[in-house]
Amino acid sequence: MQTIVVALGGNAILARGEKGTFNEQVRNVQKTATQIARLIKEGNRVVITHGNGPQVGNILIQNELGSAMVPPMPMDVCGAESQGMIGYMMQSQIRNALAECGLHIPVCTVVTQTLVDQSDPAFQNPTKPVGPFKDRLHAEARQKEFGEKWIEDSGRGWRRVVPSPDPKAIVEADSIKALVEAGHVVISVGGGGIPVIENGGILRGVEAVIDKDLGAERLAAAVGADSLVILTDVNGAAVDYGTPQERWLGEVTLEELRRYESEGHFQKGSMGPKVRAVIRFIERGGKSGIIAALDKVLEAVRGETGTRVYRSLRQQRAAT
């Protein structure tokens, strides 16, 4: 039995063009749950993580609109709220999908904190947009009153930006690993985890956003996973993407992927973090890293599709 960490992209929860109603999100999660259940039925132990960007954005809007009546919560608390909400949807739908497969396996969500370094350069240069678009007067008022950083975003309005520090460790790693080893399906490190810093053994939440793919790599390392599977809305990574020379990558070695990354083939805001996460996972002892489409997870794990990364040609041949 191999242990697989499956990192779900935003399209697993909220599809493009949808409003984000509860029913819409549950319907999307149900489709994903069916894929996860089939993966487990084939004899794999599965740990799940997910994105939360749209959900946190909606919570921030609710915070602002209701602030005259209810005290708004800081971003780390909003992240925790989204983990609970998405975790509830996922654990209920995965449990149902497993039952339909004749499997009665416990499914649980762990609200997860991720440790970051308070001296991380990201705290001096916030770049991650969060929340809704606003006008300039609103942005200037927030900057003056709360010390927030806002930027004009491609003519669409002003948005707040927050730091995106590198994840260092999963605080609840021991608990997650114990649950996995006991045979539970665990949903954790949602949205990269709630960012916290540590001083003298005391943890404190910070207003930041951790990249969900890099958080998934930390989770995979923490549970000793064999494979890290990152699911997205395209079927893998490509070099020369969007050009006449575009070429989708199938099986590649770690060395090859490092070279493609150094040549600048993967954009920072999209495929770049996914490739970086896979590279880190293999460097730290993982057997394989996979980037594939959401509806192709089974085929990708079987080695039939997606971008599949191995440490060496020897390991690559052994897996095929």
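Student: Which residues are exposed on the other side of H5?

Tutor: Asp-174 and Glu-181 are exposed there. Keep in mind that this is a predicted model.

Student: What makes a residue exposed or buried?

Tutor: A residue is exposed when its relative accessible area is over 50%, and buried when that area is under 20%. In H5, which covers residues 173-181, the buried ones are Ala-173, Ile-176 and Val-180.

Student: How do you know that the buried residues of H5 line one face of the helix?

Tutor: Seen down the axis of H5, they fall within an arc of 70°, so they line one face. An α-helix has 3.6 residues a turn, so residues three or four places apart point the same way.

Student: What do the buried residues of H5 pack against?

Tutor: Their partners are strands S2 (45-50), S8 (167-170) and S9 (185-187), together with helix H6 (212-222). Just after H5 comes Gly-183, with a positive phi of about 95°.

Student: Which residues of H7 are buried, and which are exposed?

Tutor: Helix H7 spans residues 254-262, and Leu-254, Leu-257 and Tyr-260 are buried in it. These three cover an arc of only 125° around the axis, which puts them on the same side of H7. Glu-255 and Ser-262 are exposed, on the face turned away from the buried side.

Student: What lies against the buried side of H7, and what follows the helix?

Tutor: The buried residues of H7 pack against S13, S14, strand S15 (251-253), helix H8 (271-283) and strand S17 (307-310). After H7 comes Gly-264, whose phi is positive, near 85°.

Student: Why is Val-189 called buried?

Tutor: The cut-off for buried is under 20%. Val-189 has 0% relative accessibility, so it counts as buried. This residue sits in the loop between S9 and strand S10 (194-199).

Student: Where is Asp-240, and why is it called partly exposed?

Tutor: Asp-240 lies in the loop between strand S13 (238-239) and strand S14 (247-248).

Student: Why does Pro-132 count as partly exposed?

Tutor: Its relative accessibility is 24%, so Pro-132 counts as partly exposed. Pro-132 belongs to strand S5, residues 128-134.

Student: How do you know which residues Pro-132 is in contact with?

Tutor: Contact requires heavy atoms within 4.5 Å. Leaving aside neighbours within four places in sequence, Pro-132 is in contact with Ile-61, Trp-150, Trp-158 and Arg-159. Ile-61 is 71 residues from Pro-132 in sequence, yet their C-alpha atoms are 6.9 Å apart.

Student: What makes the radius of gyration of the chain agree with that of a compact globule?

Tutor: A compact globule of 320 residues would have a radius near 20 Å, and the chain has 20 Å, which agrees. The C-alpha trace spans about 60 × 45 × 45 Å along its principal axes. Buried residues make up 48% of the 320 residues.

Student: How many helices and strands does the chain have?

Tutor: The chain has 10 helices and 17 strands.

Methods: Residues are numbered from 1 along each chain as its sequence is written. This is a predicted model: local features need pLDDT of at least 70, side-chain atom pairs count only at pLDDT 80 or more; totals for chains, interfaces and linings use all residues. Side-chain values use heavy atoms; hydrogens and water are left out. Helices (H or I, at least four residues) and strands (E, at least two) are DSSP runs, numbered from the N terminus. The radius of gyration is taken over C-alpha atoms; the globule rule is 2.2 Å times the number of residues to the power 0.38. Buried means under 20% relative accessible area, exposed over 50%, partly exposed in between (1.4 Å probe, protein chains only). The arc is that of the directions from the helix axis to the C-beta atoms.
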